[in-house]
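User: Could you walk me through this model? I'm new to it, so please spell out the terms as we go.

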Amino acid sequence: MKICFFIKYEITWGSSRERVGVYLESLKKRGHVYRIISVIPDRLSGIGLGNRSDTSVLFRWFYSFWYSKILKYLKFIFLIKISPGFDVIFIQKVNIPVILLKLLKARNKNIIFDFDDLCFLPESAKDIAFWQRLKLKWRHWYQDPKVLAMFSHVIAGNKYLAKIANDAQQTNVTIIPTPVDCRAYSPCQRGKNYPLVIGFTGAGENHLRHLKLLINPLARIGKTHKFIFRLIGVMHSDKIKSLFSSVNYEFDCIDWLGVRELPNAIRSFDIGVMPLVDDGQARSKCGFKALLYMASGVATVA
């Protein structure tokens, strides 16, 4: 087959890597041909999160608006133009207006949509705070889930997301959890670490509200035990750094690590934590952090 992947990030980043990139070598070996069109380049992924001292707020806003809004639609129009040349169009976690989807479907009916996060705001997610709804709608991340019925097939990361698709009258739904490449993430021979390392990995302020759940527990533990809290993926965020300025424990703050460096960093943890606020947005997540910890032989608290 000839497959066109229309993905949110470049193949080296986040869910685009884990839900598309890990399969490309296998597809190629089986004789399939693919093309990748990514909406957001790696440079934006780094600049758009957190508070960087080397870039102004206005610059980051304009940079984000250009790539994630204007360029997204230009690239999708290009996809519509070239779509008849492919057997399958695979859209990974990119929300597109209904009118553009109808134009694409008129030129190629074989469109698959894959999502491992809450890209649509279902009625069942009424527990999401009002200000969060406004913020997420402003970012154009959310739209009516009824659009899911327009795709020939939907791939969901978990049962919660699959139900959103089913409720939208989509009958062709497959659940594929985000996989872990165990060639990269595997246990190592562990010595006795002192002090103990509690670790977290994530992408900047996307996890701010969840990280706040750790403030009091870590402070209490720090009164009786020595440990290091190693946070990977701060993305230059002053808000995140200010959460863990306790004198009761050591805070190891790492702004970002590349895909090749991350497995060894996770293996340095004794305990990996995945805090989640209990609401609809969090229930849509696929537990990938916890899977990375467990694949690395790290004790996991979620």
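User: How much of E7 is covered, then?

Analyst: Strand E7 is mostly covered, since five of its six residues are buried, where buried means under 20% relative accessible area, with over 50% counted as exposed and anything in between as partly exposed (1.4 Å probe, protein chains only). Strands (E, at least two residues) and helices (H or I, at least four) are DSSP runs numbered from the N terminus. This is a predicted model, in which local features need pLDDT of at least 70 and side-chain atom pairs count only at pLDDT 80 or more, while totals for chains, interfaces and linings use all residues. Residues are numbered from 1 along each chain as its sequence is written, and side-chain values use heavy atoms, leaving out hydrogens and water.

User: Which strands pair with E7?

Analyst: E7 and strand E8 (residues 227-232) pair in the parallel sense over six bridges, and E7 (residues 196-201) also pairs in the parallel sense with strand E10 (residues 271-273), over two bridges. Pairing here requires that DSSP finds at least two bridges between two strands. As examples, Val197 has Ile228 in E8 as its bridge partner, and Gly199 has Gly272 in E10.

User: What's the order of the whole sheet?

Analyst: Five strands form an open sheet with parallel pairing, in the order E9-E8-E7-E10-E11. Strand E9 (250-254) and strand E11 (299-301) stand at the edges with a single partner strand each, so one side of each is left without a neighbour in the sheet. From one strand to the next, the twist averages 25°. Helix H12 (residues 288-295) packs on this sheet, touching E7, E10 and E11, and its direction makes about 140° with that of E7; axes are lines fitted to C-alpha atoms, for helices over the stretch in contact, and angles run from 0 to 180 degrees between N-to-C directions.

User: Changing topic, what about the largest nonpolar core?

Analyst: The largest nonpolar core has 38 residues, and those with the most contacts inside it are Phe6, Phe76, Ile91, Phe115 and Leu148. A nonpolar core is a set of buried Ala, Val, Leu, Ile, Met, Phe, Trp, Tyr and Cys residues joined through side-chain atoms within 4.5 Å. Elements that give two or more residues to this core include E1, strand E2 (33-40), helix H3 (57-82) and strand E3 (88-92), while the largest share, five residues, comes from H6.

User: And what does Phe115 touch?

Analyst: Not counting residues up to four places away in sequence, Phe115 touches several residues, among them Arg19, Phe120, Leu148 and Leu161, with contact meaning heavy atoms within 4.5 Å. A second, separate core of 30 residues includes Leu208, Leu231, Ile266 and Val298.

User: Is Lys8 buried or exposed?

Analyst: Lys8, which lies in strand E1 (residues 2-9), is buried, with a relative accessible area of 13%.
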